[in-house]
Amino acid sequence: MRGEMNEEMNKESIFIVRCGEVALKGMNKPYFERMLVERIRKLLKKFDGISVKRQEGLIFVRADKRLDKQAIIKEISKVFGVASISPAVECESTMEAIGEAAVAYMLETIEERGVRTFKVEAKRADKNFPVKSPDIGRQIGAVVLKGCKVLKVDVHHPDCLLFVDVRHDRSYIYQDKIAGFGGLPLGTNGKGLSLLSGGIDSPVATWMMAKRGMMIEAVHFHSYPYTSQRAQEKVEELAGIVATYCGRFKMHVVNLLPIQEQIVENCPEEETTILVRRFMMRIAQKIAQNTGCGMLITGENLGQVASQTAESLMVTDASVTMPVMRPLIAMDKVDIMDKAQEIGTYETSIQPYEDCCTVFLPKHPVTKPKLERILASEAKLDCDALIEAAVCAAEVIDIFPV
């Protein structure tokens with residue numbers, strides 16, 4: 001009878017989802033948890049027969065048994081704010097029911113994974129449960145040994161660490177804690193406009209700010225016909241990969257060529273890079289102000305190229321009043337590349353298509369620009385008119401998750 005009741009409970013696939021930093025938010029914790037639940041529900045809409053509920057500090061996802069468990073885990077793991085996911089089985093909160101469920105679970109695990117040693121780690125979330133955590137572990141371990149003759153206990157290096165989580169009316173048994181990305185739920189930290197190029201850095205920077213709970217909008221600069229349509233399509237592909245984590249967003253596509261031509265014609269060659277960068281920032285700021293973004297996001301990394309020296313960044317920042325977020329500023333390039341591979345943007349980023357930043361690239365760009373000299377060069381241009389024309393001519397593209 002007990003086995004039949006446990007079987008009845010497990011007609012669905014159950015996934016325990018744990019929060020990361022959300023658990024530390026004190027009085028604001030319910031708000032962050034609600035945002036996290038909403039985001040998980042939104043990402044799992046593509047599956048039929050799924051429910052997502054918050055309960056006792058955890059989030060429980062229940063799915064039709066016929067659905068692909070790995071596909072569900074993959075989607076949940078993309079949600080910022082998720083620390084880990086555990087596929088679990090459910091049973092009544094009695095020692096007899098837990099023991100039966102643990103034996104059935106381990107028999108299946110032996111068949112699937114060939115384990116030979118195990119250790120039970122029990123947690124008693126319900127402090128009114130009559131058996132304390134260490135005793136739960138010992139007693140359930142003994143039941144498993146009796147029911148699974150091939151197993152032995154190994155408290156130091158077990159093939160399987162069997163977790164038993166005892167709660168008020170239901171208990172859960174699992175072995176895997178599949179890591180999520182952590183961070184904070186999307187929508188809990190405002191909205192930023194990312195300057196998105198086709199390189200390795202800016203998609204990673206965008207992803208990192210989204211991981212901190214920031215909603216994303218993007219701007220991409222091109223220099224058509226010096227840059228090709230295929231180069232823009234590459235950036236759209238990158239944006240789509242980022243959107244798998246942060247959801248659908250808009251990307252503003254701006255032709256920078258008219259501004260670059262004016263700079264080349266009227267300003268010193270060595271200042272071209274920094275002048276172009278300042279125009280990009282001012283155009284981005286105007287778009288950000290028009291779209292409700294509170295800050296700009298760039299993939300700049302200190303000292304990586306001429307426009308990213310400390311002096312260049314100071315001159316660049318002087319062109320805008322909006323805060324500029326640079327999450328990669330002190331990272332090693334190798335670490336950035338590793339993160340790009342982890343989130344799936346690297347292979348697209350390294351495709352060899354031209355970038356607007358390489359158009360009219362000076363032979364010897366200034367690396368320690370002086371603001372007064374840059375301002376004197378800009379005085380030769382009708383900056384406001386050039387910026388306004390670029391913003392008005394921008395194309396807006398909807399970016400969907402790939």
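Me: How many bridges join β4 to β8?

Reply: This is a predicted model, in which local features need pLDDT of at least 70, side-chain atom pairs count only at pLDDT 80 or more, and totals for chains, interfaces and linings use all residues. Residues are numbered from 1 along each chain as its sequence is written, and side-chain values use heavy atoms, with hydrogens and water left out. Strands (DSSP runs of E, at least two residues) and helices (DSSP runs of H or I, at least four residues) are numbered from the N terminus, and two strands pair if DSSP finds at least two bridges between them. β4 and β8 run antiparallel, and the number of bridges that join them is four.

Me: Which residue in β8 is the bridge partner of aspartate 165?

Reply: β7 and β8 pair in the antiparallel sense over four bridges, and a hairpin joins β7 to β8 through three residues. In β8, the partner of aspartate 165 is tyrosine 172.

Me: Is serine 349 buried or exposed?

Reply: Serine 349 lies in helix α12 (residues 346-349), and leaving aside neighbours within four places in sequence, its contacts (heavy atoms within 4.5 Å) include Gly198, Ile200, Lys234 and Leu238. The relative accessible area of serine 349 is 6%. Buried means under 20% relative accessible area, exposed over 50%, and partly exposed in between, with a 1.4 Å probe and protein chains only. Serine 349, at 6%, is therefore buried.

Me: What does helix α2 reach from its first C-alpha to its last?

Reply: Helix α2 (residues 29-43) has 15 residues, and the expected span of a helix is 1.5 Å times one less than its number of residues. Its buried residues include Phe32, Met35, Leu36 and Leu43, and what covers the buried residues of α2 includes β1 (12-19) and α7 (229-246). The expected span is 21 Å, and close to this value, α2 reaches 21 Å.

Me: Which strands stand at the edges of the open sheet of six strands?

Reply: The open sheet has mixed pairing and the order β14-β13-β10-β11-β12-β15. Each edge strand has a single partner strand, so one side of each is left without a neighbour in the sheet, and these strands are β14 (324-325) and β15 (395-399).
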